[in-house]
Amino acid sequence: MKKIGLILLIVVLASFKSMTKSTDTEIQWVTIEEAIELQKTAPKKIIMDVYTNWCGPCKLLDKNTFHNADVVDYINKHYYAVKFNGEGDDKVTYKENTYTNPNYDPTKANRRNSAHQFTRALGVRAYPTMVFFDEEANVIAPISGYLKPRQIELYLKLFNTDKHKEMNTQEKFNEYYKTFKPTFKE
């Protein structure tokens, strides 16, 4: 009987350890409203992953980039992370405006659907797009396309350090790009 109790204790502890480990290896996603609320007491920038259910590159971004340990660690420390279905039917309140998707068709939930009003307001024209916001929830820039960990690292660090404010020409961005030394593992 003692052996069974000991085995059960080990199994419970092992499962608890794996549960706590999984939260350390995943991005802590919140809604845009939650992120803005969190900014009031602990200011951080926001990264929003605008995706769709049918988008292949969106799924690759989630699998390969948003599950990369370096990306997860950096985003969780320096950003509030938001996942937003660009063609979904969520109601979103942002900057005192409410956005919906009045043309959403539930029968097309996993196929191309109508673009959400919030998606349009953010200037998203392709999926996936990462929209970066400052500490006051103002849009900094949307970055479109599938990005590998080292590619997204460039933008995560550019916006987190506010270096983007120094870049008023393409040449200045090109210089930043050329001199950037990635540290994330692929």
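On a 1 Å grid over the protein atoms alone, a cavity is a set of points where a 1.4 Å probe fits but cannot get out, and its lining residues have an atom within 4 Å of a point. This is a predicted model, in which local features need pLDDT of at least 70 and side-chain atom pairs count only at pLDDT 80 or more, while totals for chains, interfaces and linings use all residues. Residues are numbered from 1 along each chain as its sequence is written, and side-chain values use heavy atoms, with hydrogens and water left out.

**Cavity**
- Searching the whole structure gives one cavity of 30 Å³ or more, and the largest cavity has a volume of about 40 Å³, a volume being the space filled by probe spheres set on the grid points, which are joined across faces, edges and corners.
- Among the residues that line the largest cavity are Trp54, Glu87, Tyr104, Lys108 and Arg111.

**Salt bridges**
- The whole structure holds eight salt bridges, each a side-chain nitrogen of Lys or Arg within 4 Å of a carboxyl oxygen of Asp or Glu.
- Lys45 pairs with Glu135 in a salt bridge whose closest N and O atoms are 2.7 Å apart.
- Lys45 also meets Asp162 in a salt bridge, at 3.0 Å from N to O.
- In a further salt bridge, the closest N and O atoms of Lys157 and Glu153 are 2.6 Å apart.

- Lys45 is buried, with a relative accessible area of 1%, where buried means under 20%, exposed over 50% and partly exposed in between (1.4 Å probe, protein chains only).
- Glu135 is partly exposed at 31%, and Asp162 is partly exposed at 25%.

Technical notes: On a 1 Å grid over the protein atoms alone, a cavity is a set of points where a 1.4 Å probe fits but cannot get out, and a pocket is an open set with protein on both sides within 12 Å along at least five of seven lines; lining residues have an atom within 4 Å of a point.
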